[in-house]
Amino acid sequence: MGFRLPRHDNAKASLSRSLSVSVPRGHFAVYVGEAEKTRFVVPVSFLSHRSFQILLSLAEEEYGFDHPMGALIIPCTEEAFVDLIGSLQCS
């Protein structure tokens, strides 16, 4: 069961959606979605934001950190994730 994040009215974040296996230096991959997962590549700097840390804690409770997909799984809607990331980029 996923969770929902509060919606922010910021412009869409400039995230990388990537099917490529490689992740640029200073970034990490996450899979986002409740049923179908979309892969995003985000900057490591997001790890220092409290909102992102809360999101990771909720993801750990839901899935743990041992993933067969090889990346973290974030159990929220793609729209909610993009809204959260957009708010982090503006702060």
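A contact here means heavy atoms within 4.5 Å. Keep that in mind as you look at this chain, which is a predicted model where local features need pLDDT of at least 70, side-chain atom pairs count only at pLDDT 80 or more, and totals for chains, interfaces and linings use all residues. Residues are numbered from 1 along each chain as its sequence is written, and side-chain values use heavy atoms, with hydrogens and water left out.

**The overall layout**

- The chain has two helices and four strands; these are DSSP runs numbered from the N terminus, with helices being H or I of at least four residues and strands being E of at least two.
- The chain has 91 residues, and 40% of them are buried (buried is under 20% relative accessible area, exposed is over 50%, and partly exposed is in between, using a 1.4 Å probe and protein chains only).
- Among contacts in the chain with a separation of 6 or more, 60% are between residues 24 or more positions apart.
- The accessible surface of the chain is about 5600 Å², and carbon and sulfur atoms account for 52% of that (areas come from the Shrake-Rupley method with a 1.4 Å probe, and for residues only the protein chains shown count as cover).

- The average pLDDT of the chain is 76, with 69% of the residues scoring at least 70 (pLDDT is the predictor's confidence in each residue, from 0 to 100).
- Confidence is highest in strand S3, with a mean of 90, and lowest in strand S1 (residues 16-17), with a mean of 54.
- For residues 1-14 the pLDDT is below 50, and in the model this stretch has 33 contacts beyond near neighbours in sequence.

**Strands S2 and S3**

- S2 (residues 27-32) and S3 run antiparallel, joined by six bridges (two strands pair if DSSP finds at least two bridges between them).
- Val-32 has Thr-38 in S3 as its bridge partner.
- Five residues sit between the two strands of this hairpin, where Gly-33 takes a positive phi near 140°.
- Strand S3 covers residues 38-43, and five of its six residues are buried, so the strand is largely enclosed by the rest of the structure.
- As a bit of background, side chains in a regular strand alternate between the two faces of the sheet.
- His-27 belongs to strand S2 and is partly exposed, at 32% relative accessibility.
- Leaving out residues up to four places away in sequence, His-27 touches Val-41, Val-42, Pro-43 and Val-44.
- From His-27 to Ser-45 is 18 residues in sequence, and their C-alpha atoms are 8.2 Å apart.

**The aromatic rings**

- There are four aromatic pairs (rings of Phe, Tyr and Trp, taking its six-membered ring, pair if their centres lie within 6.5 Å; planes under 30 degrees apart count as stacked, over 60 as edge-to-face and the rest as tilted).
- Phe-28 and Phe-52 make an edge-to-face pair, at 6.0 Å centre to centre with 75° between the planes.
- Phe-28 is in strand S2 while Phe-52 is in helix H1 (residues 50-63), so this pair ties together parts that are 24 residues apart in sequence.
- Both are buried: the relative accessible area is 15% for Phe-28 and 0% for Phe-52.
- Phe-46 and Phe-52 form a tilted pair, because their ring centres are 6.2 Å apart and their planes meet at 50°.
- Ring pairs link Phe-28, Phe-40, Phe-46, Phe-52 and Phe-81 into a cluster.

**The nonpolar core**

- The largest nonpolar core has 17 residues, and Phe-52, Ile-74 and Phe-81 touch the most other members (such a core is a set of buried Ala, Val, Leu, Ile, Met, Phe, Trp, Tyr and Cys residues joined through side-chain atoms within 4.5 Å).
- At least two residues of this core come from each of S2, S3, H1 and H2, and H2 gives the most, with five.
- Ile-74 touches residues including Val-30, Leu-55, Ala-59 and Phe-81, not counting those up to four places away in sequence.

**Helix H2**

- Glu-78 is in helix H2 (residues 78-90) and counts as partly exposed, at 25% relative accessibility.
- Glu-78 and Phe-40 are 38 residues apart in sequence, with 9.7 Å between their C-alpha atoms.
- Val-82 is also in helix H2, but this residue is buried, at 7% relative accessibility.
- Val-82 and Val-32 are 50 residues apart in sequence, and 9.6 Å apart from C-alpha to C-alpha.
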